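Trainee: I have a new protein to look at. Can we go through it step by step?

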Amino acid sequence: MDSLSRLSNMELEVRLKDLVHKERKLLHVILEHIREFDARKLYLGKAYSSIYEYLTKELGYSGSAAMRRLEAARLLRDVPQVAELIQEGSLNLSQIGELSRSIKEKEKISGEKVCASQKQELIEVVIGKTTQETQHELARVLDLPLKEYDFQRMQKDESVRLEVTPSKAQYEKLLQCKDLAAHILLQGGGTASMTDVIEFLADQYLNEKFKPTKIKDKSQAISKDQSLIKTKDSKPAMITTDAVVDRKSVTPKLRGLILKRDKCCQFINYKTGRKCGSTFALQIDHKMPKWVGGMNSMSNLQVLCGEHNRYKYKTEKNLKSFGVN
């Protein structure tokens with residue numbers, strides 16, 4: 001195989017897409033084999049008590065990977081169209097796992113089996129959806145009961161296993177906090193797990209609640225809703241939303257205005273027109289870089305996710321090295 005480093009960007013993308021297509025095609029062939037192997041119970045002659053044990057111990061799949069493939073293989077038995085959906089990428093193993101668990105829960109509650117035609121209808125509902133959207137649609141269509149309870153168990157290392165059921169609004173607030181604080185949480189090899197998010201928010205609240213109060217000089221007080229700058233005649237003047245801030249970095253207030261305006265990563269692929277739209281680890285970026293005179297103004301600032309901000313900076317740096325302004 002030729003060295004990947006020799007491939008152009010376009011060649012690398014074309015090859016990657018081709019491999020993904022082949023991977024999906026191979027996956028559905030593997031699932032067909034698992035289904036037939038399971039139907040013949042060939043694992044028994046290999047001294048395994050179940051197909052799951054064979055997949056994990058003989059073929060080396062992890063427990064979760066084996067279960068996802070087994071669930072998909074058994075769904076193929078009832079709904080053969082699943083193979084085509086997997087191959088074209090409109091249905092994945094995570095969705096099939098959610099479907100299998102939801103069906104089992106429905107059957108346990110109702111005491112009745114979900115037939116093949118019903119499974120087909122459920123699949124049509126979740127085609128092309130994310131895992132979370134799949135969970136929501138299955139719970140809605142199957143009318144699964146809400147699980148509203150808090151559970152906590154003390155463990156031997158004094159950690160606490162905690163299960164809670166936040167409302168949709170509460171969960172969305174947590175996700176928003178996670179996205180906005182990601183650049184802080186990920187510093188020093190940290191993670192952005194919900195546990196870290198909750199700890200971060202608790203620290204922020206406690207620091208704010210118990211920080212020592214300071215008496216400010218009234219002459220230095222600045223209005224909560226207004227920022228002031230000095231004009232040539234030393235008289236204060238209001239900063240408008242598009243005014244240039246005479247500072248090296250973007251002020252917290254201006255940063256807040258940009259975040260409120262853009263809400264998500266504004267990076268756009270101009271060939272396809274696709275917008276990133278990520279809300280994770282958002283950063284403020286200068287459309288026109290500072291090194292070519294870009295200013296801290298509303299019109300020159302935008303929100304980018306951390307990855308696209310670094311990508312844009314690297315691209316601009318390469319252009320600068322070639323003398324392109």
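Trainee: Which residues of helix α7 are buried?

Mentor: This is a predicted model. Helix α7 runs over residues 116-126. A residue counts as buried under 20% relative accessible area. In α7 that gives K119, Q120, L122, I123 and V126.

Trainee: Why do the buried residues lie on the same side of α7?

Mentor: Look around the helix axis. The buried residues of α7 pack against α4, α5, α6 and α8. They lie on the same side because they cover an arc of only 165°.

Trainee: What is the nearest side chain of opposite charge to E107?

Mentor: E107 lies in helix α6. E107 is buried, yet has no salt bridge. The nearest side chain of opposite charge is 4.0 Å away, and belongs to K113.

Trainee: Is the ring pair of F37 and Y54 stacked or edge-to-face?

Mentor: F37 sits in helix α1 and Y54 in helix α3. Both are buried. Their ring centres are 4.6 Å apart. Planes under 30 degrees apart count as stacked, and these are at 25°, so the pair is stacked.

Trainee: How many residues apart in sequence are the parts that F267 and Y311 tie together?

Mentor: The ring centres of F267 and Y311 are 5.7 Å apart, with planes at 85°, so this pair is edge-to-face. F267 lies in the loop between α11 and β5, and Y311 in helix α12. The parts tied together are 44 residues apart.

Trainee: What pLDDT does the protein average?

Mentor: Over residues 218-247 the pLDDT is below 50. Still, 86% of the residues score at least 70. The average pLDDT is 83.

Notes: Residues are numbered from 1 along each chain as its sequence is written. This is a predicted model: local features need pLDDT of at least 70, side-chain atom pairs count only at pLDDT 80 or more; totals for chains, interfaces and linings use all residues. Side-chain values use heavy atoms; hydrogens and water are left out. pLDDT is the predictor's confidence in each residue, from 0 to 100. Contact means heavy atoms within 4.5 Å. Buried means under 20% relative accessible area, exposed over 50%, partly exposed in between (1.4 Å probe, protein chains only). Helices (H or I, at least four residues) and strands (E, at least two) are DSSP runs, numbered from the N terminus. The arc is that of the directions from the helix axis to the C-beta atoms. Lys and Arg count as positive and Asp and Glu as negative; His and the chain ends are not counted. Rings of Phe, Tyr and Trp (its six-membered ring) pair if their centres lie within 6.5 Å; planes under 30 degrees apart count as stacked, over 60 as edge-to-face and the rest as tilted.
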